[in-house]
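Please look at the structure below before reading on.

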Amino acid sequence: MSFTNPDIIRQEFSCAMSEMFRQEVPAYGVLVDMVEEINRVTLEQNDELKSELGHTDGIDRITEERHGAIRLGTAEELHTMRRLFAVMGMFPVGYYDLSVAGIPVHSTAFRPVDRASLAANPFRVFTSLLRLDLVKDQDLRKEAEEILATRKIFTDGVLALIEKAEAQGGLAEDDTDSFVKEALETFRWHSHARLDLALFDRLVKAHRLIADVVSFQGPHINHLTPRTLDIDTVQATMPEKGIDPKAVIEGPPARQCPILLRQTSFKALSEPVLFKQENGEWAEGHHTARFGEIEQRGVALTPKGRDLYDALLTKTREKILPAGDGSNSSDYMQTLADVFAEFPDSWEEIRKQGLAYFQYFITEKGQSAQSSAQLEDLIAEGLVAYAPVVYEDFLPVSAAGIFQSNLGDDKGENFTPDSNQKIFEEALGSTVLDEFAHYARIEKESIDACLSGFKTTAAA
Ligand code: OOG
Ligand code: NI
């Protein structure tokens, strides 16, 4: 039996999701059009960037790139979600504890892992699991648990197809369309809540995020994110298009050599929701949940580079915390840039100090050469060159900033930080891939391929 390549299922799914979200959240469509235009202009003006992207991840990938995010309520939901994403070639990478930032969730990113799959379609989903164990009000916690225990977020159709895919080792072409269609249902917006307005208000008081997860029939996709090549321009241009951006860009400042991930979003829209009252009638309330985001990716950092990044970010935030209303945005961005002056800003220096991961390749000159030299000599002789490995994961402090700007200022109770990867993985039903080990492997494989390339040439 022949199966549809999971990369193709993911491609179809992400297109369907994008279409649904554009229809449901028109401002997102405006943002995507803006990003496409700015990416086009950026590439036109920057030949170096164009050739660099050609080496690492292909020009075609840029505007298509999307990630999304969902928030789940129970261990069982997370477990089934892992099985659903596996059908599309998406696997859990990384563990993010957001309780450190006062948000009662922990998360992973489901994503394609190997290079060919990422290149075929990079779509990933930042997936959070609500932690009701952090809620102090025992009655509220019990009520929330009871409500979540009775909801079904997956259609019978998709459950059957997941089982079929697992049993067969894949999905036949005939089943692919209905899998995508049925899977999409889980991520749809529901304008009718599962509870009444009074309980919703109590949940909001505990934390807006708890209300967002517990009140609805399913884990609506809360944002999608195209990749931009010039995040500062998009941030500055949003207001011109009638879109209200969050106060600051999350992550590192603008640099010659981009590192990790910079992100910004437009603020979640207030949407009407109908709540079922005791007398059987529907009462209208409001909820902010859905927004649009953009991201600009740079090089993946080694643990040493990441420690430096974390230290500089902490130092910045000790001096100034970005205010939600944007009143100190330019001071924050300036302080960030000043503090990050300490982080080397040339690829050569970054590589020399072992701060980031690189992919090595044989240059044109190297193609016809013979050598048994070591890597550093091959580079010095111009036979081998290197390009940054793109960071494909997320950042907990940035994610918390995105959460916060979209939950409003009314944050509710403060939670005690309590990282618990083991509990998360138990719910998931598997471990998460360690992203550092993964990037290290990419680098090592590229070095091995270069060195053996020369050996083969020398032997021939
Ligand atoms: C997820 C926020 C995190 C990102 O890009 O860091 C995120 C959420 O709001 O559910 O998507
Ligand atoms: Ni995001």
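A polar side-chain atom of N222 lies 3.0 Å from an oxygen atom of ligand 1.

| Residue | Distance from its side-chain N or O atom to an oxygen atom of ligand 1 |
|---|---|
| N222 | 3.0 Å |

The model is predicted: local features need pLDDT of at least 70, side-chain atom pairs count only at pLDDT 80 or more, and totals for chains, interfaces and linings use all residues. Residues are numbered from 1 along each chain as its sequence is written, chains are lettered from A and ligands numbered from 1 in the order in which they are written, and side-chain values use heavy atoms, with hydrogens and water left out.

The residues around ligand 1 (a heavy atom within 4 Å) include F126, Q263, F394, A399 and F403. Strand β1, strand β9 (291–297) and helix α18 (396–407) each supply at least two residues of this shell. β1 gives the most, with three residues. Helices (H or I, at least four residues) and strands (E, at least two) are DSSP runs, numbered from the N terminus.

Which residues hold the nickel ion (ligand 2) as protein donors? They are H67 (NE2), H223 (NE2) and E293 (OE), lying 2.1 to 2.2 Å from the ion. Donors are N, O and S atoms within 2.8 Å of the metal (3.2 Å for Na, K and Ca); water is not among the atoms, so sites may look incomplete. H67 lies in strand β1 (residues 66–72) and H223 in strand β5 (residues 223–226), so the pair ties together parts that are 156 residues apart in sequence. H67 counts as buried because its relative accessibility is 1%, and H223 is buried at 5%. Buried means under 20% relative accessible area, exposed over 50%, and partly exposed in between (1.4 Å probe, protein chains only).

Strand β9 also contains R297, which is buried, with a relative accessible area of 5%. The side chain of R297 makes a polar contact with that of E295 (2.7 Å). A polar contact is a pair of N or O atoms within 3.5 Å; within protein, one must be able to donate a hydrogen and the other to accept it, and residues adjacent in sequence count only if both atoms are side-chain atoms.
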